[in-house]
Amino acid sequence: MKDNLENIFKNLENQFDIEEPTIGHFNRFEAKLNNNSTRKKNYRLFSYVAVAASVVLLFGVWLGASFSNNGMELAGISPEMEETQSYFVSVIKTELSTIENERNSTTEQLINDTLEQLNILENQYTALTLELKESTEDKRIIYAMISNFQQRVTILQSLLNQIEDVKQLKKQDDENYV
């Protein structure tokens, strides 16, 4: 191996560029580096604003969906159901904010797919609230509403597990390249 490297350098002898850069080269290079760092700062600021806007949008959709329907919520049935609903709503909000903090280019598609699934479940929940308004004594509707909340929490927790798996894979790939 050592002989091979020596042969390569002997063959390349007198072909190396040994010229000095022109005057001001280092100043121009440093100016370009400073310009790139400014762009990175702007990109970081933009990404934080995008995450904040996403959280506000999700909260707005959640709030709008909660108040726009004319159905009956679980909270209107009994104090126990109100407690159940508030528990699930708080868990879902917490999970959503955790997920938004994990949003990046590698997790973007996973998060968007999960949000579509949550939107489908939210629409089903809205239909259930309308059915509950029609027949408040039907326990099957109440169980379906609770199950809907449980499905949303399960989907969000599954997404967090997938994000963690992606982070672990990325960490392993990064360690392999070092």
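Apart from its neighbours within four places in sequence, Ile 142 is in contact (heavy atoms within 4.5 Å) with Leu 74, Ile 77, Met 81, Leu 132 and Thr 136. This is a predicted model, in which local features need pLDDT of at least 70 and side-chain atom pairs count only at pLDDT 80 or more, while totals for chains, interfaces and linings use all residues. Residues are numbered from 1 along each chain as its sequence is written, and side-chain values use heavy atoms, with hydrogens and water left out.

Ile 142 is found in helix H5, which covers residues 139–177; helices here are DSSP runs of H or I with at least four residues, strands are runs of E with at least two, and both are numbered from the N terminus. Ile 142 counts as buried because its relative accessible area is 6%, where buried means under 20%, exposed means over 50%, and partly exposed lies in between, with a 1.4 Å probe and protein chains only. One of its contacts, Leu 132, is 10 residues away in sequence, and the C-alpha atoms of Ile 142 and Leu 132 are 7.5 Å apart in space.

With this residue as a starting point, we can turn to the whole chain. The protein has 5 helices and 0 strands, and from the N terminus on its elements run α-α-α-α-α. Of the 178 residues in the protein, 22% are buried. When contacts between residues at least 6 apart in sequence are considered, 73% of them join residues at least 24 apart. The accessible surface of the protein, found by the Shrake-Rupley method with a 1.4 Å probe (for residues, only the protein chains shown count as cover), comes to about 13,400 Å², and 56% of this belongs to carbon and sulfur atoms.

Phe 9 lies in helix H1, residues 2–11, and its relative accessible area of 49% is why Phe 9 is called partly exposed.

Among the buried residues of H3 are Phe 88, Ile 92, Glu 95, Ile 99 and Glu 100. Glu 95 is buried yet has no salt bridge, and the nearest side chain of opposite charge, Lys 167, is 12 Å away; in this count Lys and Arg are positive and Asp and Glu negative, while His and the chain ends are left out. Leaving aside neighbours within four places in sequence, Glu 95 is in contact with Leu 156, Gln 157 and Leu 160.

Other charged side chains do pair. Side chains of opposite charge can pair when their charged atoms come close. A salt bridge is a side-chain nitrogen of Lys or Arg within 4 Å of a carboxyl oxygen of Asp or Glu, and the structure holds 6 of them. Glu 100 forms one with Arg 103, the closest N and O atoms being 2.9 Å apart, and Arg 103 also meets Glu 108 in a salt bridge at 2.6 Å, N to O. Glu 100, Arg 103 and Glu 108 are therefore linked in a network of salt bridges. Arg 103 is buried, with a relative accessible area of 15%, whereas Glu 108, at 30%, counts as partly exposed. Elsewhere, Arg 140 and Asp 138 meet in a salt bridge at 3.1 Å, N to O, and Arg 140 counts as exposed because its relative accessibility is 65%.

Helix H4, residues 108–134, has 27 residues and reaches 40 Å from its first C-alpha to its last, close to the 39 Å expected. The buried residues in H4 include Ile 111, Leu 118, Tyr 125 and Leu 132. Ile 111 is in contact with Ile 163, which also touches Glu 102 and Thr 107 when neighbours within four places in sequence are set aside. Ile 163 is found in helix H5 and counts as buried because its relative accessibility is 2%. The C-alpha atoms of Ile 163 and Thr 106 are separated by 8.9 Å, although these two residues are 57 residues apart along the chain.

Conventions. Expected span 1.5 Å × (residues − 1).
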